[in-house]
Amino acid sequence: DIASCQNGTFVTSSLAETSKSNFKVFPNPTNSILYLPQNVMYSKVEVFDSKSQLTRTFKKVNSIDLTDLPTGIYFIQVTTDEGVLTKKIMKN
């Protein structure tokens, strides 16, 4: 199952039923730590810059530290056993 935060409450649904627009990471924009929905086993989270260059790879995490990345637009690609989602994020 995958969870999203809506008004401070986590709501779960399967990844297959969750569209990209329903998958919430927070805070976005961020200046340091980006949190992913809880109750999901992420096998891999990759961070790409606006030129599609891979900048970071994380294994089995629910948060990622972007503190040392320059300000800009990034994309995170989240891989679970149920599929892959990509989300646009902004780093302040």
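Here is a friendly conversation about the predicted model shown above.

Colleague: I am new to this one, so which elements does the chain have, and how many of them are there?

Modeller: Welcome! Remember that this is a predicted model. From the N terminus on, the elements run β-β-β-β-β-β-β-β. The tally for the chain is zero helices and eight strands.

Colleague: What percentage of the residues of the chain count as buried?

Modeller: A residue is buried when its relative accessible area is under 20%. V47 in strand β4 (residues 42-49) is an example, at 0% relative accessibility. Of the 92 residues in the chain, the buried share is 36%.

Colleague: Which residues does V47 touch, leaving out those up to four places away in sequence?

Modeller: V47 counts as buried, because its relative accessibility is 0%. The C-alpha atoms of V47 and K87 are separated by 9.7 Å, although the two are 40 residues apart along the chain. The residues that V47 touches are Q53, L54, T55, R56, F58, I64, L66, L69, Y74, F75 and I76.

Colleague: F75 is on that list, so which nonpolar patch on the surface does it belong to?

Modeller: F75 has its place in strand β7 (residues 72-80). With a relative accessible area of 30%, F75 is partly exposed. The patch has about 230 Å² of accessible area together, and its members are I73, F75 and M90.

Colleague: Is D68 buried or exposed?

Modeller: The cut-off for exposed is a relative accessible area over 50%. R56, the partner of D68 in the salt bridge, is partly exposed at 24%. D68 has a relative accessible area of 57%, so D68 is exposed.

Colleague: K91 is buried yet has no salt bridge; which backbone oxygen does its side chain reach?

Modeller: K91 is found in strand β8 (residues 83-91). A salt bridge needs the nitrogen and the carboxyl oxygen within 4 Å, and the nearest side chain of opposite charge, D68, is 7.2 Å away from K91. Among the contacts of K91 beyond its neighbours within four places in sequence are T30, N31 and L69. At 3.0 Å, the side chain of K91 reaches the backbone oxygen of L69.

Colleague: What does the side chain of T80 reach?

Modeller: T80 lies in strand β7. T80 is buried, because its relative accessible area is 11%. At 3.1 Å, its side chain reaches the backbone nitrogen of E82.

Colleague: Where is P27 found, and what is omega for the peptide bond from F26 to P27?

Modeller: Most peptide bonds are trans. P27 is found in the loop between β2 (9-13) and β3 (33-35), and P29 is found in the loop between β2 and β3 too. N28 and P29 are joined by a cis peptide bond with omega about 15°. The bond from F26 to P27 is cis, with omega near -10°.

Colleague: What is phi of K60?

Modeller: Most residues other than glycine have a negative phi. S52, in the loop between β4 and β5, has a positive phi of about 65° although it is not a glycine. K60 lies in the loop between β5 and β6 and counts as exposed at 64% relative accessibility. Phi of K60 is positive, near 50°.

Key
Residues are numbered from 1 along each chain as its sequence is written. This is a predicted model: local features need pLDDT of at least 70, side-chain atom pairs count only at pLDDT 80 or more; totals for chains, interfaces and linings use all residues. Side-chain values use heavy atoms; hydrogens and water are left out. Patches are made of residues with over 30% relative accessible area and no salt bridge: like charges are joined within 9 Å, nonpolar side chains (Val, Leu, Ile, Met, Phe, Trp, Tyr) within 5 Å. Accessible areas come from the Shrake-Rupley method with a 1.4 Å probe; for residues, only the protein chains shown count as cover. Helices (H or I, at least four residues) and strands (E, at least two) are DSSP runs, numbered from the N terminus. Buried means under 20% relative accessible area, exposed over 50%, partly exposed in between (1.4 Å probe, protein chains only). Lys and Arg count as positive and Asp and Glu as negative; His and the chain ends are not counted. A polar contact is a pair of N or O atoms within 3.5 Å; within protein, one must be able to donate a hydrogen and the other to accept it, and residues adjacent in sequence count only if both atoms are side-chain atoms. Contact means heavy atoms within 4.5 Å.
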